[in-house]
Amino acid sequence: MGVTDFFCNTSSLCLHRPKLSPDCCGLRGSRTTFMPPPAASTSSSVPVKEDDCSLTGDSFIRPHLRKLSPYQPILPFEVLSTRLGRKPEDIVKLDANENPYGPPPEVFEALGSMRFPYIYPDPESRRLRAALAEDSGLESDYILAGCGADELIDLIMRCVLEPGDKILDCPPTFTMYEFDAGVNGAVVIKVPRKSDFSLDVKRIIEVVEQEKPKCIFLTSPNNPDGSIINDDTLLEILNLPILVVLDEAYIEFSGLESRLRWVKKFENLIVLRTFSKRAALAGLRVGYGAFPLSIIEYLWRAKQPYNVSVAAELAACAALQNPDYLENVKVALVQERERLFKLLKEVPFLNPYPSYSNFILCEVTSGVDAKKLKFQSLSRPFAVLGKHTLQEFLHFTGRPCQKRCDDSSL
């Protein structure tokens, strides 16, 4: 490393003039010298434009982030209540795939008796990971908890992607993959799903060979349509030279077994899960993932140390203590999904798609405008809010209405 000298004239305030060793900071052999500007005459007639050196805050922002469109989250009850002029309890939200039954009673008891909210949480979430190991049958060494699965999606990208690297996305699907890729300066290559929302595996294979993306994000059941990825399809993709991130946020409603334990066999597989749907802890933000040991080591290094709060870990552990409640709620939601599916099929301008999740995607047909249909629902005694980013589709979460609405209101 060379020496950096800061020179100043007698009319300037010189605060620091360090003598740096040749090996400091990795700049061996270099020398950077900051020289004072030539003295200017006080009688100079050359005008100085003050705005030539003006500084704005956004000049510090990374260029790709200045072009990034913000994520469009679901509106919460409080905002909807204000906009609609209605009480929150009078609004039935059908757009965010939330669990309307709420968490097990043990969760409220645990939160009400929380003793140490003023102490930083366990950075390794040991108690939660041990409970998840018992629940899933996968050793805790393979499990990492996060502030929702969303945090883990971003963490994976930060650890895997260099700016300019490519990811493979299969829309329509969860839009956080594309959003987080944009935040991390990655390039998103899209392989759209087929008309029945199944994966175009042949095209995926071609794109992997041609574009060499680093990772692919898959959701099973998929959001927004509720379709699943079978074992043969997943195995075919796992045979490609690409990191496969499988999001199982809705797996409990599918009746299928999770692939969590597959990470012990496949070095290129990550499986993500959440407490938001199964345990109704969406507001507390608790997610977790299963990772090969060769990958999880680096995520531990890069993750924020206190990412799962004391309250979130308490609530998640308490929820796992009552598996009967979780199972009963799952069964009730699946039954409601089937009931709603039959009702939607009777609506002449709706074409519902079979779903393995806790929601149903409907194509709006017969010339009816989906956007207008959504906003017409806001004039009812309850609000059906489910316009998806797909054109002419509506998105419904299967749930019993708080006020047991008349089926004919559909």
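**Sheet, cores and a pocket in a predicted model**

Thr233 is buried, with a relative accessible area of 17%; buried means under 20%, exposed over 50% and partly exposed in between, with a 1.4 Å probe and protein chains only. The model is predicted: local features need pLDDT of at least 70, side-chain atom pairs count only at pLDDT 80 or more, and totals for chains, interfaces and linings use all residues. Residues are numbered from 1 along each chain as its sequence is written, and side-chain values use heavy atoms, with hydrogens and water left out.

Thr233 sits in helix α8 (residues 231-238). Helices (H or I, at least four residues) and strands (E, at least two) are DSSP runs, numbered from the N terminus. Leaving out residues up to four places away in sequence, Thr233 touches Leu199 and Val201. Contact means heavy atoms within 4.5 Å.

The protein has twelve helices and twelve strands. Of its 410 residues, 45% are buried. Among contacts between residues at least 6 apart in sequence, 68% join residues at least 24 apart.

Seven strands form an open sheet with mixed pairing, in the order β3-β9-β8-β7-β6-β4-β5. Two strands pair if DSSP finds at least two bridges between them. β3 (143-146) and β5 (187-190) are the edge strands, each pairing on one side only. From one strand to the next, the twist averages 25°. Helix α9 (residues 293-302) packs on the sheet and touches β3, β7 and β8. The direction of α9 makes about 35° with that of β3. Axes are lines fitted to C-alpha atoms, for helices over the stretch in contact, and angles run from 0 to 180 degrees between N-to-C directions. Strands β7 (residues 243-247) and β8 (residues 269-274) run parallel and are joined by four bridges. Val244 has Leu269 in β8 as its bridge partner.

Val244 also belongs to the largest nonpolar core, which has 48 residues. A nonpolar core is a set of buried Ala, Val, Leu, Ile, Met, Phe, Trp, Tyr and Cys residues joined through side-chain atoms within 4.5 Å. Val244 is among the residues with the most contacts inside this core, together with Ile204, Ile216, Leu218 and Phe275. Helix α10 (residues 310-320) supplies the largest share of the core, seven residues. Neighbours within four places in sequence aside, Ile204 is in contact with Leu168, Cys170, Val191, Leu199, Ile216, Ile237 and Leu240. Another core, of 23 residues, lies apart from the largest one and includes Leu161, Leu243, Phe291 and Ile296.

Helix α6 (residues 176-183) has Met176, Tyr177, Asp180, Ala181 and Gly182 as its buried residues. These pack against α1 (63-66), α5 (148-160), β4 (166-169), β5, β6 (215-219) and β7. Gly185 follows α6, with a positive phi near 70°.

Ala280 lies in the loop between β8 and β9 (287-290). Ala280 counts as buried, at 17% relative accessibility. Ala280 and Gly102 are 178 residues apart in sequence, yet 5.1 Å apart in space, C-alpha to C-alpha. Beyond residues up to four places away in sequence, Ala280 touches Asn99, Gly102, Pro103 and Phe275.

The second largest pocket is lined by 17 residues. Asp135, Glu252, Ser258, Arg273 and Arg278 lie nearest its centre. Helix α11 (323-345) gives the most to this lining, four residues. On a 1 Å grid over the protein atoms alone, a pocket is an open set of points where a 1.4 Å probe fits, with protein on both sides within 12 Å along at least five of seven lines; lining residues have an atom within 4 Å of a point.
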